[in-house]
Amino acid sequence: MGATLCPAALKSCFSFPSSVNPTPCRRILPSGPLIIVAARTFSDADPCLLAPLEPRSPAGKFLNRVLLDDRKNFPFAARKELLRVALRREEASSIKKNPNLKFSDEAFLYRRIAQLKEEECRIELEDVIYALILHKFLEMRVHLVPRLSQCLCNNRLEILPRKDWELESIHSIEVLEMVREHLNSTPCYRPNCTIKESWNTTQIQRAHLHNLYHASIFYGYFLKSASFRHTLESNLTTNHNTHHNLIRLISNYIGFGRVKVMGREDNSLKGYVMGLKQETVEICGRFRSMEAMDVVNRHCCALFGEDKKDCGEVAISFASVKRLLLEAVAFGCFLWDAETCVDCVCVLEDNTLL
């Protein structure tokens, strides 16, 4: 069933914060082509979005065309599509709840029609979420890496230009430090190497690269969720008058699973994350909706291939590993934003999986 809307909520919903930090420092650089060495060369003028995942619904295909032809009006188009989907879901729900159909001969048929409508709406919502993520990348003039099956040549993958600065600029200084720690802990990445050394290649199994990319999406999502909780808990500490109202407002997001470190509480984001209890960390790192989880799984399968038994190795430079994982972290951050925006208009299905 669709959510109750107000103009102010819709306006803030589609303002799309682009980072974990509400006020990031961003430098806009001239756009350049995305080059897969020895495979293909792409530019911003190409009549395609280069995204691994193709839309399955009319809404997704329409929003893709808007991204290509009329990007400045994309937020308006996305909001319009979400309102239409919300109306369709409400119609399907009303059919299932109609008491006059319970004892009619066509009851089963009507219920099946309603189920099909709800499934179509869910696919449309997933496509809208993915389009919102694509929009954020395109606003940075960064292309998502296309399907590896289209990019590999002689089992070698190189991604140019690296776009590291753009992908790092969406984060605050605190978050960027944590992202770099995540990269440094990756076995196939070599930190603090020279420019020349960064282009040395390493052999890695495609399945392992798939898992690293998937885990980095989770990490980006976790950082955005933890930052949101950190901000809200800080406001709870400083705004005692609105304490009870704010608790009710954020009951779905906060579990207050804090512990103190060394007898005192560290107010930095990193200290906050280090002080979280294990169950709270799991809440922050879990996708809130089933639609978001499906988007991530489908995106990763489209990028790396659906055959998880493919254990073939690829040669990839340390620079390209960094580019790929930075993209995944940014994808997780943007997914959190897109999921929040969509849920404000059309309520998503809660993720009940552990």
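Gly332 is buried, with a relative accessible area of 0% (buried means under 20%, with a 1.4 Å probe and protein chains only). This is a predicted model, where local features need pLDDT of at least 70, side-chain atom pairs count only at pLDDT 80 or more, and totals for chains, interfaces and linings use all residues. Residues are numbered from 1 along each chain as its sequence is written, and side-chain values use heavy atoms, leaving out hydrogens and water.

Gly332 sits in helix α14; helices here are DSSP runs (H or I, at least four residues), numbered from the N terminus. Setting aside neighbours within four places in sequence, Gly332 is in contact with Ile217, Gly220 and Tyr221 (contact means heavy atoms within 4.5 Å).

Now to the helix pairs, with axes fitted to C-alpha atoms over the stretch in contact and angles running from 0 to 180 degrees between N-to-C directions.

| Helix pair | Angle | Axis distance |
|---|---|---|
| α3 (residues 74-97) and α4 (residues 107-139) | about 160° | 9 Å |
| α13 (residues 290-304) and α14 (residues 318-345) | roughly 155° | within 11 Å |

α3 and α4 are therefore roughly antiparallel to each other (angles over 145 degrees), and so are α13 and α14. On the α13 side, the contact is made by Ala292, Val295, Val296, His299 and Phe304, which meet Leu324, Phe331, Leu335 and Glu339 of α14.

How values were computed: Helices (H or I, at least four residues) and strands (E, at least two) are DSSP runs, numbered from the N terminus. Angles under 35 degrees count as roughly parallel, over 145 as roughly antiparallel, 65 to 115 as roughly perpendicular and the rest as oblique. Buried means under 20% relative accessible area, exposed over 50%, partly exposed in between (1.4 Å probe, protein chains only).
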